[in-house]
Structures are given as C-alpha cells and as structure tokens.
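Biologist: Could you walk me through how to read a helix pair and a ligand site?

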Amino acid sequence: MNELQRLIAEARNAAEHSYSPYSGFRVGAVVVAATGSEYTGCNVENAAYNHTICAEANAITTAAAAGVREIDTIAVACPDGFGCTPCGNCRQMMREFNVRRVIVTDEAGEPIEYTLEDLLPHSFGPGDLPSSRE
Ligand code: THU
C-alpha cells in the first residue's frame, strides 16, 4: 500500500463514524498538517439540514483547534460507492490553511491527486484582504 492509498484507507476509517441519517452518504477525511500530525473528520448531519458539517470541514476545524495553521494534505473518501470531490465551501476552508494537495478517489476507490489550485483556481485568500497589506 503506498502513501496515498494509506491516507485514503484512513479517510475510509473516519467515515465509519459518519452521522448521515438523512443522506445515507458517508464521508471521511484526514488532514495531514505541515508538521506531519494527522487529524480525522466525518460528515455530521442535522435535522435542520443546513447545519450539516462536511467531513473535510470537520477534519480541518479539528486540526485548527489543535493549533494547526499549515496543512500539507487532505484526503477524502466516500465508502458508499461513488467518487467524490470536496464541495465549494470546503475548498475555501482548505484555502485558508494553504493545503498543498488534495487526495480524492475515483469510482473504483483509487486515489487521485489534485493541487488546491486545480480545485479552486483564482481563489480569494487571507493575503487578499487589505488588512494583510498594512
Ligand atoms: N459531504 C461531505 O462531507 N463532503 C463533501 O465534500 C461533499 C458532501 C457530505 C455532506 C452531507 O452529509 C452528505 O455528504 C451529502 O451531501
């Protein structure tokens, strides 16, 4: 098993804790911080649907709460059979912490590697705020 396959396997494990009674669509994610530390997350749905938290957002905020500010890699897995790529909101959250690469899977579960620039070109980030230029 190579490194990308290992990360996808970890993301699949994280999806085991998915709370997704409304969609039935389990998602898991693992964040690898620039330091090498790893943090996992799963999607957590809510009866008030718009309060759903994506797996990526869960893993990113868990890492941030542990003090992480630079993320090297995030891997995402959807064990219910379809390849999936992060939603727009999660891509923007990745942008905040300089994610270098994003690993998703194809429909067969094999890893595909993207840069964040592939997924979110011409993005808006912290350096675009006037306050960052003072
Ligand atoms: N979901 C994620 O966790 N990550 C994504 O990138 C796409 C969607 C979740 C949200 C919801 O619980 C379910 O998948 C269906 O949209």
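**Helix pair and ligand site**

Modeller: Helix α2 (residues 55-65) and helix α3 (residues 88-96) have axes that come within 9 Å and cross at roughly 20°. This is a predicted model, where local features need pLDDT of at least 70 and side-chain atom pairs count only at pLDDT 80 or more. Residues are numbered from 1 along each chain, and side-chain values use heavy atoms, without hydrogens and water.

Biologist: What is the direction of α2 and α3 relative to each other?

Modeller: Angles under 35 degrees count as roughly parallel, so α2 and α3 are roughly parallel to each other.

Biologist: Which residues of α2 and α3 meet?

Modeller: Contact means heavy atoms within 4.5 Å. Glu56, Ala57, Ile60 and Thr61 of α2 meet Cys90, Met93 and Met94 of α3. Among the residues of this contact, five are nonpolar, one is polar and one is charged.

Biologist: Which polar atoms lie by an oxygen atom of the ligand?

Modeller: A polar contact is a pair of N or O atoms within 3.5 Å. From an oxygen atom of the ligand, a polar side-chain atom of Glu56 lies 2.6 Å away, a polar side-chain atom of Asn43 lies 2.9 Å away, and a polar backbone atom of Ala55 is 2.9 Å away.

Terms used
Axes are lines fitted to C-alpha atoms, for helices over the stretch in contact, and angles run from 0 to 180 degrees between N-to-C directions. Helices (H or I, at least four residues) and strands (E, at least two) are DSSP runs, numbered from the N terminus. Angles under 35 degrees count as roughly parallel, over 145 as roughly antiparallel, 65 to 115 as roughly perpendicular and the rest as oblique. Ala, Val, Leu, Ile, Met, Phe, Trp, Tyr, Cys and Pro count as nonpolar, Asp, Glu, Lys and Arg as charged, and the others, Gly among them, as polar. A polar contact is a pair of N or O atoms within 3.5 Å; within protein, one must be able to donate a hydrogen and the other to accept it, and residues adjacent in sequence count only if both atoms are side-chain atoms.
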